[in-house]
Amino acid sequence: MFEDELALFDKSINEFGDRFRNSLSDNPSQVLGLRDAFRDSIRALSEKLSLKLKEEERMMEMFQEYQNQLCKQNKLIQEKKDNLLKMIDKVKGKKQELEVLMSNIRDLKEEYSRKKETISTANKANEEKLKRLQKSADMYRDHLGLEIRKVHGDKLQFIFTSIDPKNPESPYMFSLSLNEARDYEVSDCSPYLECLAEFQEKVRKTNNFSAFLANVRKAFIATVYN
């Protein structure tokens, strides 16, 4: 637009020059009229150019302001982008922590399942062992005067009678259980037998439970005659 105004100014100057040369042969009043007209044209053009320059300055200021606003917006966008990247990194970190936690939970579940299965197998084995002991109760009662009772704590109580000829109903007893290693554990012996620990160790090694009971009965009988 500003270049168009300059071109128009050049055109006006050239037209005025042509008119001035053509009017030199005319009367002086015409020359004065042309001079005044040229002066008015120059003044109007100057005012127009001045307004145009001010408008251009305002446009430059607006453009500069726009540039500044654009820079601020770009800075804000970059800050938001950086914050977003940080948040994404945190989310990735949390995701990795969650994956590790879930993996640990799975491992714990598997370990719990294995231990549960081991305990269940051990319990079944103990139950079978106790059942075999209980199954022999009648035989022991008939041949050895022995009664077997199940008492608190998954223990079996062995009660011998017919030990003392003077008092055949007098009870001689001990309790038996299976420890965590599934070995025999003897306790609550009445009357106390010093040799009971030896008998316990022997039955653990040989697993000959009938011989163990026979030895305990003999030891109880020995207390009567000693």
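This report walks through a sheet, its salt bridges and a surface patch in a predicted model.

## Ground rules

Since the model is predicted, local features need pLDDT of at least 70 and side-chain atom pairs count only at pLDDT 80 or more, while totals for chains, interfaces and linings use all residues. Residues are numbered from 1 along each chain as its sequence is written, and side-chain values use heavy atoms, with hydrogens and water left out.

## The sheet

Let's start with the strands. There is an open sheet of 4 strands, ordered β1-β2-β3-β4, with antiparallel pairing. The edges belong to β1 (146–151) and β4 (184–190); each has a single partner strand, so one side of each has no neighbour in the sheet. From one strand to the next, the twist averages 25°. On the terms: helices (H or I, at least four residues) and strands (E, at least two) are DSSP runs numbered from the N terminus, and two strands pair if DSSP finds at least two bridges between them. In general, strands of a sheet pair through backbone hydrogen bonds.

Helix α5 (residues 209–225) packs on this sheet and touches β1, β2 (155–160), β3 and β4; contact here means heavy atoms within 4.5 Å. The direction of α5 makes about 150° with that of β3. Axes are lines fitted to C-alpha atoms, for helices over the stretch in contact, with angles from 0 to 180 degrees between N-to-C directions.

## Strand β3 and its partners

β3 (residues 172–178) is joined to β4 by 5 bridges, and the two run antiparallel. Another 5 bridges join β2 to β3, also antiparallel. M173, meanwhile, stands opposite S190 in β4. β3 and β4 form a hairpin with 5 residues between them, and R182 in the turn has a positive phi of about 65°.

How many of the 7 residues of β3 are buried? The count is 6, so the strand is largely enclosed by the rest of the structure. Buried means under 20% relative accessible area, exposed over 50%, and partly exposed in between (1.4 Å probe, protein chains only). S177 sits in β3 and is buried at 14% relative accessibility. Leaving out residues up to four places away in sequence, S177 touches D154, K155, D183, Y184 and E185.

## Salt bridges

The count comes to 4 salt bridges, each being a side-chain nitrogen of Lys or Arg within 4 Å of a carboxyl oxygen of Asp or Glu. One of them pairs K155 with D188 (3.7 Å, N to O). That pair links distant parts of the chain, with K155 in strand β2 and D188 in strand β4, 33 residues apart. K155 is partly exposed at 24%.

E147 and R149 also meet, at 3.0 Å from N to O; E147 is partly exposed at 34%, and so is R149 at 41%. In helix α2 (residues 28–135), E111 and K115 are 4 residues apart, about one helical turn. Their closest N and O atoms are 3.3 Å apart, and E111 is partly exposed at 33%.

## A nonpolar patch

L98, L101, M102 and I105 make a nonpolar surface patch of about 330 Å². I105 lies in helix α2 and is partly exposed at 32% relative accessibility. Patches are made of residues with over 30% relative accessible area and no salt bridge; like charges are joined within 9 Å, and nonpolar side chains (Val, Leu, Ile, Met, Phe, Trp, Tyr) within 5 Å. Accessible areas come from the Shrake-Rupley method with a 1.4 Å probe, and for residues only the protein chains shown count as cover.
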